[in-house]
Amino acid sequence: MAGRWALEATELREGNAGLVARPRRLRRLANLRRLVRETRLTADNLIYPLFVVHDGREEEIPSMPGVHRWPVELLVAEVEQVAALDIPAVILFGLPAAKDAEGSEAYAEDGAVQRAIRTFKAAVPELVVMTDVCLCEYTDHGHCGIVRDGQVLNDETLDVLGQIAVSHAAAGADVVAPSAMMDGQVGAIRAALDEAGFPQVAILAYAAKYASAFYGPFRDAAGSAPAFGDRCAYQMDPPNAREALREVAVDIQEGADMVMVKPALPYLDVIRQVRDAFDYPLAAYNVSGEYSMVKAAAQRGWIDERAVALEMLTAIRRAGADMILTYFAKDAARWLQEEG
Ligand code: PBG
């Protein structure tokens, strides 16, 4: 590579006008730019996250303007809109009627997520329904697993994660997405799904999920901030990238169909490295904090929301993500339609 560029540099001055390489030639016209564009962002790439509650009215999440908690009954109209925008998938997060130490509503047949899927699936049969498989929204301590003596227990949590995944599959989920960051969670869920007669249900593994401060607004939305300590003993340490490749490799060995890097923007390098190392479909989660920062700055008139959001999503695609979980999905799909 270096040699090629060096050679071109010596030729740069040989043209009549003094410059051979004029990259601006291909930037002159909008349609020329379209022709040479290397990265595409379309609705095909988007997954819309939705928060589900049992009942009441829809409530906007204060730290996430434009994002709501949807009661089961009102979710039907919302997912119909998502499908009408040609967004291929949603991912559901549930809020329980009551939280307890074991997070037992996470796998209840009549939990908010399970009820929601049963209620809207027939209305939007083509929409891919993904579910987040974790305990933190359901436990009173807010941790992603079973806690004993102040420790989040790994292997004891695996059975519960399997039960949650099976309950989502039984309700009609197409893809389950384990996000608890317990070792062995993908294998445990694959085995539980197969045993329960759901071999067709796919797994999107939150493989490289970092212990990130960018989840702040989500924890407001789900009331899932840990009551003590933090998640650093199970989520990944932000300075590590090679470790992300090991996490992804393990999840693929355990049966993940697709893998994820999360968050997205502060980890574009990790997305690129995973893309280069593995031939598996790769998702990136443009998380709540990434969304809310744009919203807050836009509300103050400091940035152009639409341009910034589309640039961010395009950057995540350019880094190598096939699909993006983003709270901008509906707006982005609309904006992209307008741009034709
Ligand atoms: C865990 C989960 C979290 C997010 C997705 N799944 C929160 C966490 O790990 O604390 C964060 C998503 C976001 O910030 O948008 N169930």
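Mentor: Helices are DSSP runs of H or I with at least four residues, numbered from the N terminus. This is a predicted model, where local features need pLDDT of at least 70, side-chain atom pairs count only at pLDDT 80 or more, and totals for chains, interfaces and linings use all residues. Residues are numbered from 1 along each chain as its sequence is written, and side-chain values use heavy atoms, leaving out hydrogens and water.

Trainee: Okay, at what angle do H11 and H12 pack?

Mentor: About 100°, with the axes of H11 (residues 305-319) and H12 (residues 329-339) 11 Å apart. They are therefore roughly perpendicular to each other, a label for angles of 65 to 115 degrees.

Trainee: Which residues of H11 and H12 make the contact?

Mentor: Counting heavy atoms within 4.5 Å as contact, H11 brings residues including Arg-306 and Leu-310, and H12 brings residues including Trp-335 and Glu-338.

Trainee: Switching to the ligand, how many residues surround the ligand?

Mentor: There are 18, with Lys-209, Arg-219, Lys-262, Ser-288 and Tyr-327 the closest; the cut-off is a heavy atom within 4 Å.

Trainee: And how far is the side chain of Lys-209 from a ligand oxygen atom?

Mentor: An N or O atom of that side chain is 2.7 Å from the oxygen. For Lys-262, a side-chain N or O atom lies 3.3 Å from a ligand nitrogen atom, and a polar side-chain atom of Asp-132 is 3.0 Å from a ligand nitrogen atom.

Terms used: Polar contact = N/O pair within 3.5 Å; in protein donor to acceptor, adjacent residues only side chain to side chain. Axes fitted to C-alpha atoms, helices over the stretch in contact; angles between N-to-C directions. Helix = DSSP H or I, 4+ residues; strand = E, 2+ residues; numbered from the N terminus. Parallel < 35°, antiparallel > 145°, perpendicular 65-115°, else oblique.
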